[in-house]
Amino acid sequence: MASQSDHKAAIIDGKAIAQTIRNEIAEEVRHLSQKYGKVPGLAVVIVGTRKDSQSYVSMKRKACAEVGIKSVDIDLPENVSQDDLIAKVHELNATSDVHGILVQLPLPNHINEEKVLSEISIEKDVDGFHPLNIGKLAMKGREPLFLPCTPKGCLELLSRSGISIRGKKAVVVGRSNIVGLPVSLLLLKADATVTVVHSRTPDPESFIREADIIIAAAGQATMIKGSWIKPGAAVIDVGTNAIDDPSRKSGYRLVGDVDFQEACKVAGWVTPVPGGVGPMTVAMLLKNTLDGAKHAIAQ
């Protein structure tokens, strides 16, 4: 048997898997266009000028163009009133060639995020954050219209890498509304035994070491060490943390919540950062928009 130091985890190439999915989506969009003369439409709403939000949004708009989805760009000023933002959402709800509405988070402090998200039509909630969609996700035997993109992307990475979930011990690190909570519900739906570890958990290592599947979404750079990982485990790293790196032109580099180098020596599978979960999130957004359009157009 090879010694521990010779072990190399399989790297899950999120970029390549996402590209495969985008190709599948482009094919379906062409089919819709030929059969019905209509294409899916995604409205991307951004409030203000946050650099990270703007780069996410331009990435989403570019991805739409690549697969033939029509992107409707709504750029609102930082000081837009909540009422005006909600009026814009209502207008998009009523626009028949918009099949998905995405409001880029976070919103400025004077706007109530929950109120705005709950105004998005559940049929167009391609982010999967409408309380009704999350509620259905939490209940046995109910199916939400849309699943949140990052959690859906995590499970897609597992299934397309041939990793089964049923009966496995899964540990989710982090309990955010965007990733931790919904991914734990999705794993539960897929028949895993799920533990959620968070900032108030004493000795998180003891839980993580038991996991066959680790979903790391805590936002803590390289928090999960190689010694915390069960040999052969599947590690999906959702973290994107900027750390100082004077050798880079930008002055920083991105790392995950998992110590990648160490994890590669122990895990069975591991996703890199960048190039793991990130591209999947965008691919799932496109997939949700396509599904919304198929639902609306074929009615």
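Select Thr-150. At 11% relative accessibility it counts as buried (under 20% relative accessible area; exposed is over 50%, partly exposed in between; 1.4 Å probe, protein chains only). Thr-150 lies in helix α6, residues 149-160. Helices are DSSP runs of H or I with at least four residues, strands are E runs of at least two, and both are numbered from the N terminus.

Now show the neighbours of Thr-150. Leaving out residues up to four places away in sequence, Thr-150 touches Val-179, Val-238, Val-277 and Thr-281. Contact here means heavy atoms within 4.5 Å.

A note on the source. This is a predicted model, in which local features need pLDDT of at least 70 and side-chain atom pairs count only at pLDDT 80 or more, while totals for chains, interfaces and linings use all residues. Residues are numbered from 1 along each chain as its sequence is written, and side-chain values use heavy atoms, with hydrogens and water left out.

Next, select helix α7, residues 180-189. Seven of its 10 residues are buried, so the helix is mostly covered. Colour these: Gly-180, Pro-182, Val-183, Ser-184, Leu-185, Leu-186 and Leu-187. What do the buried residues of α7 pack against? Show α5 (131-138), α6, β5 (169-173), β6 (193-197) and β7 (213-216). Then step to Asp-191, which follows α7 and has a positive phi, near 70 degrees.

Move to α2 (residues 51-67) and α10 (residues 277-297). Their axes come within 10 Å and cross at roughly 55 degrees. Axes are lines fitted to C-alpha atoms, for helices over the stretch in contact, and angles run from 0 to 180 degrees between N-to-C directions. The pair is therefore oblique: angles under 35 degrees count as roughly parallel, over 145 as roughly antiparallel, 65 to 115 as roughly perpendicular and the rest as oblique.

Select the contact residues. α2 supplies Met-59, Lys-60, Ala-63, Cys-64 and Val-67; α10 supplies Val-282, Leu-285 and Leu-286.

Finally, zoom out. The protein has 10 helices and 11 strands. Its C-alpha atoms fill a box of roughly 60 × 40 × 40 Å along the principal axes. Of the 299 residues, 48% count as buried. Among contacts with a separation of 6 or more, 68% come from residues 24 or more positions apart.
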